[in-house]
Every structure is written in structure tokens, then in C-alpha cells.
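Thank you for making time this morning.

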Amino acid sequence: MSAVDRRRVPPLVVDVLLVVVAAAAGVAREVAFPSAGSRHLPAPVWVYAAVQVVAAVTLLLRRRRPYPMALVIAGVSLLVPASAVFLAPYAVIVYGHDRRRSWAVIATLGVCWLLGARLWTVDDPFSGPGLLAISALLGLYVSARRRLVAELLDRAERAEQERLLLAEQARIDERLRIAGEMHDVVTHRINLMVLHAGALGTSTTDPAVRSAAEELRTTGCQALAELRDLLGVLRHGDQSTTRAAAQEPSAEGDLNDLVTDSRAVGLTVRLDEEGDRSALAPAMRRTLFRVVQESLTNVHKHAPGSQVTVTVRYQPDLVRATVTNDRPDRAPDPDLAAAGEGAGLAGLRSRVDVLGGTLTAAATPEGGFAVRATLPGYVPTSVPR
């Protein structure tokens with residue numbers, strides 16, 4: 001609730017205050033000027049005072065039933081100069097929905113007031129219609145102001161919607177620009193790498209070199225496929241339609257494949273799994289795969305020649321994964337180590353946090369590095385308040 005809504009007086013309170021004011025004014029009139037009663041229908045003062053109160057109570061209907069309210073007060077005005085009559089035109093104009101009908105009801109109020117003036121002992125019967133006209137004009141002002149405010153609010157809402165649409169279009173344009181740059185730069189370089197690897201595998205006679213070239217070419221092709229998926233996300237903004245998001249690692253051999261690939265390039269890796277991994281949710285399985293993959297990639301970049309241990313413990317309600325390496329036996333390649341600048345772990349931490357897990361990465365006292373991740377066994381469907 002906004003501050004304006006908190007400061008706003010409830011409508012019922014306003015209506016009750018108007019009833020009290022109109023009733024008090026009418027009763028005071030009858031008490032102060034007893035001769036204000038009807039010449040032809042004499043009655044005690046308390047009767048006319050009660051009629052004033054009844055006319056004032058009718059104002060409670062001014063928001064929901066403005067026309068019946070005004071006609072009841074008009075009928076009362078034929079016998080008693082009800083003070084509530086001066087509030088009726090305002091309510092008819094502001095809360096009535098038919099402008100012609102509203103003016104007809106206001107005219108009826110004026111006619112009844114003039115006809116009733118012939119029975120009252122009132123010296124100036126024409127000031128009443130003047131007050132009725134002022135009440136109607138005030139109602140016209142408030143009604144026009146409300147329509148203006150509503151129109152301005154509608155324009156503000158449309159402007160906000162247009163701003164959001166323009167911002168979304170700007171994001172789409174930026175995604176397209178980034179996708180174009182990635183396609184022009186990164187894809188070109190990877191294509192060259194794949195072509196050189198294929199040419200090397202064709203021209204060499206050394207089986208070891210040919211095998212390494214084939215692995216390099218295969219890795220480059222996989223990188224191109226993943227890059228195409230990423231470009232699809234950037235172009236269309238729909239991750240659910242891309243192969244990268246829809247692809248689910250198989251229950252068997254995923255981590256083993258990662259370990260095998262790392263061993264093929266000279267890294268000593270030991271995989272230690274314990275527990276039943278088949279009960280793990282697909283989203284958690286994919287995240288676990290990315291945690292181990294990113295950790296091994298960082299070892300390749302920053303700790304070449306180190307011993308790596310991948311430990312995974314599958315439990316009924318969670319899974320714990322730890323990737324540790326000892327002190328490297330040689331300095332890393334500066335160009336390779338500088339690539340990424342920690343963006344991989346930052347993105348991985350965000351992905352784990354979204355799933356309700358935790359991820360820590362820190363150096364060990366022995367001079368190595370450890371990445372520890374804890375993931376729930378299921379995908380959280382809500383966030384506790």
C-alpha cells in the first residue's frame with residue numbers, strides 16, 4: 001500500500017461526516033427558526049427536526065444510488081427545507097453515470113425547492129437554487145478532475161509499458177549484436193583450429209600425432225556445437241529450446257568421460273563415487289556435471305601436472321562433490337591462465353545458488369586448490385519467505 005493510500009480517508013467516514021453535518025445544520029435551523037415550518041401543515045418542531053435527520057441519513061446512498069437519494073431529498077423538500085438538499089447535486093454529478101439523467105434530477109431538486117418555498121416561512125426562497133447550482137458546479141469540477149487524473153494515470157501506464165517494451169527490444173538488439181560478434185570472431189577461430197587439426201591428422205604418419213589431432217578436431221567440433229547453442233540463446237533468448245539446456249547427461253559414464261578426457265591430455269585424475277546416482281534429479285545431475293567439468297578445466301589452466309581427486313557422494317536428499325588438486329609441478333601457461341578471469345566459477349556459483357545448493361572454492365594448506373559443492377537431491381519449487 002502506498003503512502004497516498006495510507007493517508008486517504010475511508011469513503012464511509014466521509015459519508016458519515018456529511019450526514020452529521022447535514023443533520024446538525026437542519027436540526028439547528030428548525031430549533032433556531034421555528035417558523036420555518038410549513039404554513040399549511042403545522043407540526044411540532046421535533047417532527048421537522050426528525051425529517052431533517054432522515055433527509056441527511058439518505059446521503060449514505062450518494063455513492064451507490066445517487067439518483068434515488070436525490071429524489072427522496074427532493075420529495076422531502078416539498079414539506080421541509082432540508083439542508084441535505086445542497087449536497088445532493090454534487091453527488092449526482094460525481095457519482096451518476098448518465099449526464100442527461102443527472103441534470104434532470106438536479107432540475108427536479110430545484111423545482112421541488114421552489115414549490116416547497118411557497119409553504120415555508122422563508123423570506124428569500126431564491127438563494128436555495130443558487131446554492132444548488134454551486135453544488136452542481138463543484139461536482140462538475142471534481143468529476144472533470146477525476147477524469148483528467150484517470151487519463152493521466154492511463155497515459156503513465158502506457159508510457160511505462162512502452163518503456164519496458166523498448167528496454168526489451170534493446171536487450172534483444174544487444175543479444176543479436178553479441179551473437180554476431182561471437183559468430184564473427186570465436187567461431188572463425190575455432191573453425192580454423194578444426195581445419196588445422198584435420199589437416200595435421202591427414203598429413204602426418206605418426207599414429208600418436210594423428211590420434212591427438214583427431215581428438216583436437218573432435219573437441220573443436222563439440223565446442224562449435226555448444227557455441228551454436230549459446231548463439232541461439234543470445235539470438236532468441238529462449239534457453240529451453242536450445243540443446244545445451246535440454247541435453248541431459250546420461251546416468252552412466254558422464255563423469256568418467258570427463259576424467260578420461262583429462263587423462264588423455266596428461267592430467268592424473270582419480271574418480272571416487274559412492275552411492276546411487278540414479279535417484280538424482282536431472283537438473284542436479286547436469287549441475288554436478290558442470291561443477292566437475294569447470295573444476296577440471298581450471299586445473300588444466302592453473303595447475304598443470306598436479307594430482308586431482310574427484311570425490312562424489314550421493315545421498316538420498318543431497319549430493320556432495322569435491323574436486324581437489326595438489327601443488328602443480330610446473331608453472332601454468334600465462335596466456336591460458338589469463339583466459340576467463342574467474343568468470344567460470346562465478347557463473348557456476350550462481351547456478352548452484354539458484355538450485356538451493358552451496359559452492360566454495362579456496363586454496364588448500366598444501367598449496368593446492370579445492371572446489372566443494374553441495375546440491376539438494378531435488379529441484380526446489382519455491383523459496384521460503
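This is a predicted model: local features need pLDDT of at least 70, side-chain atom pairs count only at pLDDT 80 or more; totals for chains, interfaces and linings use all residues.

Residues are numbered from 1 along each chain as its sequence is written, and side-chain values use heavy atoms, with hydrogens and water left out.

On confidence, pLDDT is the predictor's own confidence in each residue, on a scale from 0 to 100. The chain averages a pLDDT of 78, and 82% of the residues score at least 70.

Now to the helix. Helices (H or I, at least four residues) and strands (E, at least two) are DSSP runs, numbered from the N terminus. Buried means under 20% relative accessible area, exposed means over 50%, and partly exposed lies in between, with a 1.4 Å probe and protein chains only. In helix H10, residues 254-264, the buried residues are Asp254, Leu255, Leu258, Val259 and Ser262. Seen down the axis of H10, these residues fall within an arc of 140°, so they line one face of the helix, where the arc is that of the directions from the helix axis to the C-beta atoms.

What covers that buried face? The cover includes strand S1 (268-274), helix H11 (282-302) and strand S2 (307-314). S1 and S2 pair in the parallel sense over 7 bridges, and two strands count as paired if DSSP finds at least two bridges between them. Together, S1, H11 and S2 make a left-handed β-α-β unit; a crossover is right-handed if, with the strands pointing away from the viewer, the path from the first strand over the helix to the second runs clockwise.

Within S2, please find valine 312, which is the bridge partner of glutamate 273. Valine 312 is buried, with a relative accessible area of 0%, and its contacts, leaving aside neighbours within four places in sequence, include Leu255, Leu288 and Val319. Valine 312 and leucine 288 are 24 residues apart in sequence and 9.2 Å apart in space, C-alpha to C-alpha.

Finally, the charged pairs. Side chains of opposite charge can pair when their charged atoms come close. A salt bridge here is a side-chain nitrogen of Lys or Arg within 4 Å of a carboxyl oxygen of Asp or Glu, and a search of the whole structure finds 8 salt bridges. One of them joins the side chains of glutamate 274 and arginine 313 at 3.4 Å, N to O. This pair links distant parts of the chain, with glutamate 274 in strand S1 and arginine 313 in strand S2, 39 residues apart. Glutamate 274 is partly exposed at 48% relative accessible area, and arginine 313 is partly exposed at 25%. Asp272, Glu274 and Arg313 are linked in a network of salt bridges.

Note on methods:
Contact means heavy atoms within 4.5 Å.
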